[in-house]
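User: I would like to learn how to read a protein model. Could you take me through this one step by step?

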Amino acid sequence: MEEFKTNWTREELKAYILLYCAYANFVETEEERNFIMKKVGEEKYRQIHKEFDKDNDYQRIQKIQHTVERFDYSPTEIDRLFYNIKKMFLTDGEIDILEKNIYRGLQHLLK
């Protein structure tokens, strides 16, 4: 069985999760890209994007889940993360059905 451990920082995890959410509808918009870079910086964004592009959906979920567990996020930190996810989804003015599904899935996985 493959290991899905990472050595990411919290900022890198945030970048990866936001990228995962940006691709909920299979397209990363310029607004989403700018939002993520504003949150984590351009260098971290580019670094994490390279890894993200190599991973499949199963690997992405496993990495997110295992890294959140490693950091032992508090309920407040999880809430802050979901607040940022929602803000990113709203960069284009609405949350579509695919984004809603990713949001619900991550809530189930991380809360």
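User: Which residues does Leu13 touch, not counting residues up to four places away in sequence?

Analyst: A contact here means heavy atoms within 4.5 Å. Leu13 touches Trp8, Ile64, Thr67, Val68, Phe71 and Tyr73 once residues up to four places away in sequence are left out. Before we go on, a word on the source: this is a predicted model, where local features need pLDDT of at least 70, side-chain atom pairs count only at pLDDT 80 or more, and totals for chains, interfaces and linings use all residues. Residues are numbered from 1 along each chain as its sequence is written, and side-chain values use heavy atoms, with hydrogens and water left out.

User: Is Leu13 buried or exposed?

Analyst: The general idea is relative accessible area: buried means under 20%, exposed over 50%, and partly exposed in between, with a 1.4 Å probe and protein chains only. Leu13 has 0% relative accessibility, so this residue counts as buried. Leu13 lies in helix H1. For the protein, 42% of the 111 residues count as buried.

User: How many helices and strands does the protein have?

Analyst: Helices (H or I, at least four residues) and strands (E, at least two) are DSSP runs, numbered from the N terminus. This protein has six helices and zero strands, giving the pattern α-α-α-α-α-α along the sequence. The radius of gyration is 13 Å, close to the 13 Å that the globule rule gives for 111 residues, so the protein is as compact as a globular protein of that length. That radius is taken over C-alpha atoms, and the globule rule is 2.2 Å times the number of residues to the power 0.38.

User: What share of the contacts with a separation of 6 or more comes from residues 24 or more positions apart?

Analyst: In this protein, such residues account for 76% of those contacts.

User: How should I read a pair of aromatic rings?

Analyst: A pair of aromatic rings is described by the distance of the centres and the angle of the planes. Rings of Phe, Tyr and Trp (its six-membered ring) pair if their centres lie within 6.5 Å; planes under 30 degrees apart count as stacked, over 60 as edge-to-face and the rest as tilted. By this rule the count comes to six aromatic pairs. In one of them, the ring centres of Trp8 and Tyr16 are 4.5 Å apart with the planes at 35°, so the pair is tilted. Trp8 and Tyr16 are both buried. Phe71 and Tyr73 also form a tilted pair, 6.2 Å centre to centre with 40° between the planes, and both of these residues are buried. Ring pairs also link Trp8, Tyr16, Tyr23 and Phe52 into a cluster.

User: Now the loops. Where is Asp55 placed, and what does it touch?

Analyst: Asp55 sits in the loop between helix H3 (42-54) and helix H4 (57-71). With a relative accessible area of 10%, Asp55 is buried. Asp55 touches Tyr16, Arg60 and Lys63, not counting residues up to four places away in sequence.

User: Which phi value does Phe26 have, and where is Phe26 placed?

Analyst: Phe26 has a positive phi of about 70° although it is not a glycine. Phe26 is in the loop between helix H1 (10-22) and helix H2 (30-40), and at 66% relative accessibility it counts as exposed. Asp72, which is not a glycine either, has a positive phi of about 50°. Asp72 is found in the loop between H4 and helix H5 (75-89) and, at 62% relative accessibility, counts as exposed.
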